[in-house]
Structure formats: C-alpha cells, structure tokens
Amino acid sequence: MVTNITSFGRSGLSDWLMQRVSAVILALYTVFIVAFLLFNPNLDYYAWSGLFSHTWMRIFSLLAFVAIAAHAWIGLWTVTTDYLKSTRLRVGVQAVIILGIFVYLVWGIQILWGA
C-alpha cells in the first residue's frame, strides 16, 4: 500500500467524504447568506454587523471558512498530483497553496473574532 503524506485524509475515501461534507456546509452557508440578503433589501452596515455580532453566526462563518480551506486543499491537491508530474514543482506548488490557505484562515479568524 502506498501512503501519501500530502493527502488531506488517510485515504481516498476520507478525502472524498470530506469534499462532500465541506460542499454541503458551503451550500448551506451560501443559501443562508443569499436568503438573508433577499429578505433584507435595505441592508445597511448596522444590520450586517448585527448579524455577525451573534456568536452562532461567527461560528457558522468559521465553519464555512474551514470548509472552504478543506475543500480547496483536497481539490487543489488532486489537480496538482494529476497534472504536475515533477515532484519538486508539485511540492513547491502545494507548499504555496498550503501557505495561501493558512493565511486565508488566519485572516478570516481575525476578521470574525478580532476587535
């Protein structure tokens, strides 16, 4: 059995499942945000910040950020392993992707939970 240390999960099945679960989370978050925008046509800063002042919305948003990160990593890992045959190039691109996802997560957490 071949073990790949750059895969998100321990097997293709767990990666597949994580991809589907993260897609469902992102779909629910998107439907919620679109519904909120549709039911609040005169949306202003105070209503928007009021929505994100609730802890449940911050947690839901954080869950969506983590789902985007997991979904993006699995998808981009798959693309890089399929199309980048040079090991050095693939590992370099994957390192840049990991760094980008990490920066995205830290920035998202800072926006959600910062002052």
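Figure 1. Val-21 lies in helix H1, which runs over residues 12–39, in a model that is predicted. With a relative accessible area of 41%, Val-21 counts as partly exposed, because the partly exposed class covers whatever falls between the buried limit of 20% and the exposed limit of 50%. Together with Leu-13, Trp-16 and Leu-17, Val-21 forms a nonpolar patch on the surface, and the accessible area of these four residues together is about 420 Å².

**Figure 2. The chain as a whole, given as context for the close-up views.** The secondary structure consists of four helices and zero strands, and the pattern read along the sequence is α-α-α-α. The radius of gyration of the chain is 17 Å, well over the 13 Å that the globule rule gives for 115 residues, so the chain is more spread out than a compact globule. Along its principal axes, the C-alpha trace spans about 55 × 25 × 20 Å. Among contacts between residues at least 6 apart in sequence, 68% join residues that are at least 24 apart.

Figure 3. A pair of aromatic rings is described by the distance of the centres together with the angle of the planes. The count for this chain comes to eight aromatic pairs. In the pair of Tyr-45 and Tyr-46, the ring centres are 5.5 Å apart and the planes stand at 75 degrees, so the arrangement is edge-to-face; both Tyr-45 and Tyr-46 are exposed. Phe-65 and Tyr-104 also form an edge-to-face pair, with 5.5 Å from centre to centre and 70 degrees between the planes. Since Phe-65 belongs to helix H3 (residues 55–83) and Tyr-104 to helix H4 (residues 87–113), this pair ties together parts that are 39 residues apart in sequence. Tyr-104 is itself partly exposed, at a relative accessible area of 28%. Elsewhere, ring pairs link Tyr-29, Phe-32, Phe-36, Trp-48, Phe-52, Trp-56 and Phe-60 into a cluster.

Figure 4. When neighbours within four places in sequence are left aside, the residues in contact with Ala-64 are Ile-25, Leu-26 and Tyr-29. Ala-27 is 37 residues from Ala-64 in sequence, and the two are 9.3 Å apart in space from C-alpha to C-alpha.

Figure 5. Ser-61 has its place in helix H3, and its relative accessibility of 1% makes it count as buried. Not counting residues up to four places away in sequence, Ser-61 touches Tyr-29, Phe-52 and Leu-112. Two of these contact partners, Tyr-29 and Phe-52, are among the residues that ring pairs link into the aromatic cluster, and Tyr-29 is also listed among the contacts of Ala-64.

Terms used: Residues numbered from 1 in each chain as written. Predicted model: local features only at pLDDT ≥ 70, side-chain atom pairs only at ≥ 80, totals over all residues. Heavy atoms only, no water. Patch = residues over 30% accessible without salt bridge, like charges linked within 9 Å, V, L, I, M, F, W, Y side chains within 5 Å. Areas by Shrake-Rupley, 256 points an atom, 1.4 Å probe, with all protein chains shown as cover. Salt bridge = Lys/Arg side-chain N within 4 Å of Asp/Glu carboxyl O. Helix = DSSP H or I, 4+ residues; strand = E, 2+ residues; numbered from the N terminus. Buried < 20%, exposed > 50% of the residue type's maximum accessible area, 1.4 Å probe, protein only. Rg over C-alpha atoms; globule rule 2.2 N^0.38 Å. Contact = heavy atoms within 4.5 Å. Phe/Tyr/Trp six-rings, centres within 6.5 Å; stacked < 30°, edge-to-face > 60°.
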